[in-house]
Amino acid sequence: MQHALAEEKVFKDPVHKYIYVQDSLIWNLINTREFQRLRRIRQLGTSYLTFHGAEHSRFSHSLGVYEITRRIISQFERNGYPDWPTGEKLVALCAALLHDVGHGPFSHSIEQVFDMDHEEWTCRILLDDTEIHRVLSEVSADFPERVASVIRKTYHHPIVVSLVSSQMDADRMDYLLRDAYYTGVNYGTFDLDRILRVLRPYRDRIVVKDSGMHAVEDYLMSRYQMYWQVYFHPVTRSSEIILRQIFRRAKELYGGGYRFGWMNRSLLKLINGTLTVEDYLRLDEALVQTAFSEWTAERDRLLSDLCRRFLNRKLYKYITVDEANETMLAEMKRQFLAAGLEPEYHLEVDYPSDLPYDVYRPGPGDTGGKRDKPPILLVDKHGKLSEISSQSDIIHSITGIQRGRYHLYYPEDLLREAADRLSPEIKKWFSLTNEKEI
């Protein structure tokens, strides 16, 4: 079945220069309401409060993932590599384009509070009565399910899954370059063109020609730098903490029978766990920030204060500690409570191990109930495969690294007001604060 557009469509893109749409199916998917909604979801969540340029959307990222996937497949087809399965281009391009369509506003923070998974929502959007579902069904009745199985990582051709979900997939390659561009950092860049030239389809997986190892080292080092300098930035973590606390407080108030002065239907269904696909699609960051603005006038002082902090960037300060001393934390919470603070909201220990980012893991297996993404494999001229960290000292040195430090986050203004009710030892802890505002 042919889907070629009468005239190729082109998006001007700051990262890839141009994004080419040659298929009417892809063009029709881009123009669905569900995909257009991604314009209203930021790619980097609350990072715009740390890096003011980080306003880019999941819409632009999704187009970028599609473009990288298109370039990879075009190279495979152009070179006639026999291990690329024929007839799989369209499903791969659709999965690449739609892989993030299930993200909600400030996605990862919402997911943590409400125990949700954006990939599950992506599949529901693909399979429910949506515009995307109707467009995909024009290919065949089972085509929406085929695309969804790529998202679930159960598709019968693992090579198609690995294009979108592996440790060197189109998703990671685009968001590293895009996030580096919009945050204004240079260390997130790498030679994408070189990497694409050394990728090979081999035995139903994507591998790297061994001569391209140094390009992959550069990619993984860029990832390492972005991991610690952008994704784990302590100021961003502060904004994420406050965001989660707002949702947690709203959920707590609802469960206690509190009557909100302002509440939206879709937000209410998010809080009470009854979201339908249609409700979910109404959630975007404009709606959430409207709610926060309205909630600054709520009778509940804690909720209104948290919303003001988030909207006006009055974030929690932090101190860095080598480890979380449970005895000291318990004493801090006791004194916070006695001083009129809310220890469950005004003191949070953070260790950057819960973000959906990782530098590199060398082997398959199960981690936290989810299967690890396949490792990066090199192939030599004899067809022999080797895992890349076994050949690269640089990659071996950053494999599975966890070097984060604990931070204690707290509202400095409220703590100063209550200082005369805190013990000298607790005051000493917080007088050592060494925040570095940007």
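## Aromatic contacts in a predicted model

Arg124 lies over the face of Trp121, 4.2 Å from the ring centre. The model is predicted.

Ring pairs come next. The search of the whole structure finds 22 aromatic pairs. Tyr18 and Tyr20 form one of them, and this pair is tilted. The centres of Tyr18 and Tyr20 are 6.3 Å apart, with 40° between the planes. Tyr18 is partly exposed, at a relative accessible area of 39%. Tyr20 is partly exposed too, at 28%.

Phe336 and Phe430 make another pair. Their planes stand at 45° and their centres are 6.0 Å apart, so the pair counts as tilted; stacked would need under 30 degrees, and edge-to-face over 60. This pair links distant parts of the chain, 94 residues apart. Phe336 belongs to helix H18 (residues 326–338), and Phe430 to helix H22 (residues 424–431).

Are Phe336 and Phe430 buried or exposed? Phe336 is buried, with 0% relative accessibility. Phe430 is buried as well, with a relative accessible area of 9%.

| Ring pair | Centre to centre | Angle between planes |
|---|---|---|
| Tyr18 and Tyr20 | 6.3 Å | 40° |
| Phe336 and Phe430 | 6.0 Å | 45° |

Ring pairs also build a cluster. Its members are Phe106, Phe114, Phe247, Tyr258, Phe260, Phe292, Trp295 and Phe310.

Methods: Residues numbered from 1 in each chain as written. Predicted model: local features only at pLDDT ≥ 70, side-chain atom pairs only at ≥ 80, totals over all residues. Heavy atoms only, no water. Phe/Tyr/Trp six-rings, centres within 6.5 Å; stacked < 30°, edge-to-face > 60°. Buried < 20%, exposed > 50% of the residue type's maximum accessible area, 1.4 Å probe, protein only. Helix = DSSP H or I, 4+ residues; strand = E, 2+ residues; numbered from the N terminus. Lys NZ or Arg CZ within 6 Å of the ring centre and 35° of its normal.
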